[in-house]
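Q: I have a new structure to get to know. Can you walk me through it?

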Amino acid sequence: MPRTQQYSVDLSADERAELNAMLSAGTYKTRELTRARCLLHADDGLTDPEVSEAVGCHPGTVGRIRKRYTEDGLAAITRRKADRVYERKLDGREEAHLIALACSDPPEGRSRWSLHLLADHFVALSEIDVESISHETVRQILKKPQLHPHRSKSWVITPENSAAFVCKMEDVLDLYHEPYDENRPVVCFDESNKELHKEVRDPLPARPGAVARYDYTYERNGTRNLFVVSEPLTGWRHVEVTERRRKQEFVAQMQSLVDDHYPDAECIRVVMDNLNTHQRYAFYEHLPPAEARRLLSKLEFHFTPEHGSWLNMAEIEFSALWTECLDRRIPDAATLRTEVAAWERTRNEDESEIEWQFTADDARIKLRQLYPANHD
């Protein structure tokens with residue numbers, strides 16, 4: 001008998017019914033459906049080439065499916081290989097040593113642990129009696145405690161037991177959850193910058209079969225500052241492009257906020273970070289005393305804590321602005337102003353609100369390490 005037919009398929013009525021149910025269910029993977037069709041056709045007496053032509057697979061695939069069916073039955077449909085018993089390479093004590101090694105500092109001259117480096121150093125440990133270990137074994141062991149020694153993450157580590165931090169944090173959080181009051185609007189304010197880059201060669205546009213391409217070199221054309229003012233509860237925001245971000249620019253933004261954007265408000269409550277330009281006395285440095293006093297009487301500043309700029313919802317607007325508009329090369333300030341104005345207009349027309357859900361009660365649970373210990 002030819003090699004392609006040395007394994008016969010003789011399905012029972014229940015097995016045929018089960019395979020037909022698989023084909024009609026629509027929940028199985030393509031390879032599993034292919035195996036089911038091959039077995040049904042082989043049970044009908046077709047040769048491997050005939051099954052191959054009917055199903056649309058290679059004749060060798062049909063032969064392998066026949067063989068696996070004779071060894072494992074219908075389990076061959078949903079399992080790639082027959083069950084194997086793997087010998088455990090390391091015991092619990094040795095796995096603990098490997099995990100501890102992965103959590104330690106890498107050797108001198110290396111910035112991080114790699115799987116191969118861990119395997120080599122683990123075998124060299126004096127308290128371990130293991131002749132060799134593969135990097136795949138290391139990967140499987142570190143997978144259980146979700147350790148990734150080759151990765152790291154930049155993060156702001158806030159101080160523990162900081163009364164100053166939680167005081168400012170709860171002030172901002174309570175402010176965010178007050179009901180909307182048009183006479184006392186809550187506005188978030190922040191600033192960032194954008195480097196201007198000119199193309200030195202014309203980019204190539206996208207076409208079928210090729211993505212858009214641009215030269216990696218560019219010409220620097222200065223930097224512009226971006227001020228963002230956002231009222232989260234109404235879905236309004238405004239972006240101002242300036243050449244610098246000194247105290248006088250900050251005062252000008254606050255003056256515009258009072259006179260242009262909220263002329264009828266009794267008090268504008270502004271959430272901002274602790275940048276050194278955000279000073280009340282700056283109004284007296286750059287304005288006549290009467291004008292400075294008039295503006296300050298209508299402004300109420302709420303500062304986010306140090307290392308707590310994530311509490312400023314204006315950063316969410318900056319994230320959207322950068323992702324949707326600024327994540328590209330912009331050649332000059334005029335283009336920057338045009339593009340930012342178009343983004344602002346579209347986003348304001350959509351009335352994209354920010355639904356802030358984190359409360360002071362949540363903070364006392366999730367950030368309890370930031371709170372000083374209570375004393376009776």
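**Rings, cores and a helix**

A: Start with a cluster: ring pairs join Phe189, Phe227, Phe250, Phe283, Phe301 and Phe303. Rings of Phe, Tyr and Trp (its six-membered ring) pair if their centres lie within 6.5 Å; planes under 30 degrees apart are stacked, over 60 edge-to-face, and the rest tilted. The model is predicted: local features need pLDDT of at least 70, side-chain atom pairs count only at pLDDT 80 or more, and totals for chains, interfaces and linings use all residues. Residues are numbered from 1 along each chain as its sequence is written, and side-chain values use heavy atoms, leaving out hydrogens and water.

Q: How many aromatic pairs does the structure hold?

A: Nine. Take Phe250 and Phe301: the ring centres are 6.2 Å apart and the planes sit at 50°, so this pair is tilted. Phe250 is in helix H10 (residues 247-261) and Phe301 in strand E5 (residues 299-303), 51 residues apart, so the pair links distant parts of the chain. Helices (H or I, at least four residues) and strands (E, at least two) are DSSP runs, numbered from the N terminus.

Q: And what sort of pair do Phe301 and Phe303 form?

A: An edge-to-face one, with 6.2 Å from centre to centre and 65° between the planes.

Q: Is Phe301 buried or exposed?

A: Phe301 is buried, at 13% relative accessibility. Phe303 is partly exposed, with a relative accessible area of 23%. Buried means under 20% relative accessible area, exposed over 50%, and partly exposed in between (1.4 Å probe, protein chains only).

Q: New topic. Which residues touch the most other members of the largest nonpolar core?

A: Met169, Tyr176, Leu226, Leu321, Leu326 and Leu336, out of 35 residues. A nonpolar core is a set of buried Ala, Val, Leu, Ile, Met, Phe, Trp, Tyr and Cys residues joined through side-chain atoms within 4.5 Å.

Q: Which elements supply this core?

A: Helix H9 (163-176), strands E1 (186-199), E2 (218-231) and E3 (236-242), and helices H13 (314-326) and H14 (333-350) each supply at least two residues. H9 gives the most, with seven residues. There is also a second, separate core of 22 residues, with Phe227, Tyr262, Phe283 and Leu295 among them.

Q: Back to H14. Which of its residues are buried?

A: Ala333, Leu336, Val340, Trp343, Glu344, Arg347 and Asn348. Seen down the axis of H14, these buried residues fall within an arc of 125°, so they line one face. The arc is that of the directions from the helix axis to the C-beta atoms.

Q: Why would a helix do that?

A: An α-helix has 3.6 residues a turn, so residues three or four places apart point the same way.

Q: What do the buried residues of H14 pack against?

A: E1, E2, E3 and H13. The face turned away from the buried side carries the exposed residues Ala334, Thr338 and Glu349.

Q: Where is Thr304, and what does it touch?

A: Thr304 is in the loop between E5 and H13. Thr304 is buried, at 0% relative accessibility. Not counting residues up to four places away in sequence, Thr304 touches residues including Lys168, Val172, Asp273 and Asn312. Contact means heavy atoms within 4.5 Å.

Q: What about Leu11?

A: Leu11 is in the segment before helix H1 (13-25). Leu11 is buried, with a relative accessible area of 9%.
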